[in-house]
Structure formats: structure tokens, C-alpha cells
Amino acid sequence: MDFKFEQHVKVKVTNDLSKTILDILNLKKYKKPFIVVEKFLLDMPVVKEFFNTLRENSIEFITYDEVLPNPTVRMVDEGVTKFKENHCDSVIAIGGGSIIDTARGINVVRTLGGSSIKEYVNERELSKPCEGLISVPSTSGTGSELSNTFVITDEDKKEKLAVISDNAVSEFAVLYPKLTLTVPTQSTIATGLDAFTHALEGYTSTLSSPITDAICEKIMYLIVKYLPKVVKNGNDIEARERMMVAAAMGGWTMNSAGTHIGHSQAHILGAKYNITHGAACAYAAPGTIQYTAN
């Protein structure tokens, strides 16, 4: 049996977000990051502290907080324009899957050129690694911080466009569980089930291998054990950390085992009815389990 299993993203699990990102910026000599961030996170003390740390260390930055769920081609392309206008040299994504997917799109176009992210869809292999992206997830679901695939919505055609390439991954993924403490219960459930379906579909995929099977089993075990705990007590930091690790691993296994009918259904639901991706995956999961069991 022939199969691949690669992991290009440098992963850091931390309880000190500001120091960890500052260390990365100094290591890579990035001087002016473009920060793609969810608007509501701007009021969180930890994000304010991070911005203050950058200022105290004379690091200029630009924020882009105009991304909505199911991000569109326009949002990515506008981000690229703002990145170039401000002569930034790196991208930091702080938020959920929509934020990280948008940041990854911005990073691809700003690195490889072109007029729109639409030029890189349909499984076109990117010509070189798109370095300079630091992804900081605020939810435990999409795994976009480690995934080689991201999805953008074409508003005109009302369809999802996928960019798939090992060169489109983050350079760094920073897992900071405290960011997930304020995630509402319903979002915690939906994002957790999104992560579960990555493992479920990878486990039952025709692209699965003994390596991905082992990891998918562990992901499902972690989520079955810890998702009920964070639903019961959102402040359980240990459970939040385990869910964040499980979600990141789910993004990793997608690069090799992939997903299948559940995510196909979820993308259709999301594009047509503007349902968040995690909820759409949750709706599709029971039918997926039944179909693959047969």
C-alpha cells in the first residue's frame, strides 16, 4: 500500500499567547504583521494584551476585522489589497475557521501574486510554500490551522471554492486554549462535531492508512471523552486544551485521509443556507455514519 503522511506546520501549545507569538516574530524577523481577527475578539483582554506587547516591542501591525462566517472571495481579495497597501510582511490569524481560511487565502495571493484567490482553486498545486502565516484558532473544530485545504465562498455562483495544496498550510499554529473559554455552548458543540466528522470521515475514507487510522481513533476518543466535559463546564481548561489538540489533529489527518460525503453535504448546506460549517457538518453526520456503516 502506498500512502503519504506529512506535517509541515510548526505547532506550539502555550499558556502565554503574547510571548509565544513575539518569539515567533523575532525568530523569523517579521516586522509588520497583518492581523486577521474576529471583531468580537478585539475586546478580549488577552488580545488587547497581545497588541500591547507588539507595541511595547516596536512592532507595527495592521488589523483586518471584516471577515464573516463562510468567508467570500471578496473578503480575501480585499484583505490582499490592504496587506499590500500597508507593506506588511506576514499574516497572523486569530479566530475560528473562517478567519484562518481567509488569512490563508490572503497569504497565498500575497505570496504567489495574482488578482484574486479564485486563480488558485480546483486543486491547483501551488508553486512554492506560502510562509509567513501564524494561525491562532479560537475554536476547536475546523483544524484549518494544520489543514492543507481551505474553502472560500463564491458569492456570485453561491458555491464553495476549495484551495488544496501542501504549500497552503500555516507556517506556525499556536494553540492557546484560553481563547476558547468564552465560546458559547452551541458553538462548542457544533465545532466539536466538525472535528469529530473529520476523524470519522478520514477513518472511513478510501484514502485512509494505518497511520491516519490510528490518529483518527485517538481524535474520536478525545472528543467523545472531552466534548461533554466542555459542554457541561466551559471553563474546564484541561478539556478545552484536549479539544483544541483533537481539532488540530483532525486538520492534520485531512491532508492525507481526506473527508467525503459528510463534508460534501455540509458545503452545500453552508453555501445555500448560510449555515455555519460546524453546524452543517453536525446535521450531515448521522446520515454519513449510517451510509458508511452500510
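Residues are called buried when their relative accessible area is under 20%, exposed when it is over 50%, and partly exposed in between (1.4 Å probe, protein chains only). The model shown is predicted: local features need pLDDT of at least 70 and side-chain atom pairs count only at pLDDT 80 or more, while totals for chains, interfaces and linings use all residues. Residues are numbered from 1 along each chain as its sequence is written, and side-chain values use heavy atoms, with hydrogens and water left out.

View A. Helix 2 spans residues 45-56; helices (H or I, at least four residues) and strands (E, at least two) are DSSP runs, numbered from the N terminus. Its 12 residues reach 16 Å from the first C-alpha to the last, close to the 16 Å expected at 1.5 Å a residue (the expected span is 1.5 Å times one less than the number of residues). Val-46, Val-47, Phe-50, Phe-51, Thr-53 and Leu-54 are buried in this helix. They lie on the same side of helix 2 because they cover an arc of only 155° around the axis, the arc being that of the directions from the helix axis to the C-beta atoms. Pro-45 and Glu-56, on the other side of helix 2, are exposed.

**View B. Surroundings of helix 2.** The cover over the buried residues of helix 2 includes helix 1 (17-28), strand 2 (33-37), strand 3 (62-64) and strand 4 (90-95). After helix 2 comes Ser-58, with a positive phi near 60°.

View C. Side chains of opposite charge can pair when their charged atoms come close. A salt bridge is counted when a side-chain nitrogen of Lys or Arg is within 4 Å of a carboxyl oxygen of Asp or Glu, and the structure holds 10 of them. In one, the side chains of Lys-28 and Glu-171 meet at 3.0 Å, N to O. Lys-28 lies in helix 1 and Glu-171 in the loop between strand 7 (159-164) and strand 8 (172-175), so the pair ties together parts that are 143 residues apart in sequence. Lys-28 counts as partly exposed because its relative accessibility is 30%, whereas Glu-171, at 5%, counts as buried.

**View D. The salt bridge between Lys-32 and Glu-60.** The closest N and O atoms of Lys-32 and Glu-60 are 3.5 Å apart in this salt bridge. The pair links distant parts of the chain, with Lys-32 in the loop between helix 1 and strand 2 and Glu-60 in the loop between helix 2 and strand 3, 28 residues apart. Lys-32 has 17% relative accessibility and therefore counts as buried; Glu-60, with a relative accessible area of 49%, is partly exposed.

View E. Arg-74 forms a salt bridge with Glu-155, with 3.9 Å between the closest N and O atoms. Arg-74 belongs to helix 3 (residues 73-85) and Glu-155 to the loop between strand 6 (149-154) and strand 7, so that distant parts of the chain, 81 residues apart, are linked. Arg-74 is partly exposed at 38% relative accessible area, as is Glu-155 at 43% relative accessibility. Arg-74, Glu-78 and Glu-155 are linked in a network of salt bridges.

**View F. Gly-192 in helix 5.** Gly-192 lies in helix 5 (residues 185-203) and counts as buried because its relative accessibility is 0%. Leaving aside neighbours within four places in sequence, Gly-192 is in contact (heavy atoms within 4.5 Å) with Ser-140, Ile-223, Leu-227 and Met-243.
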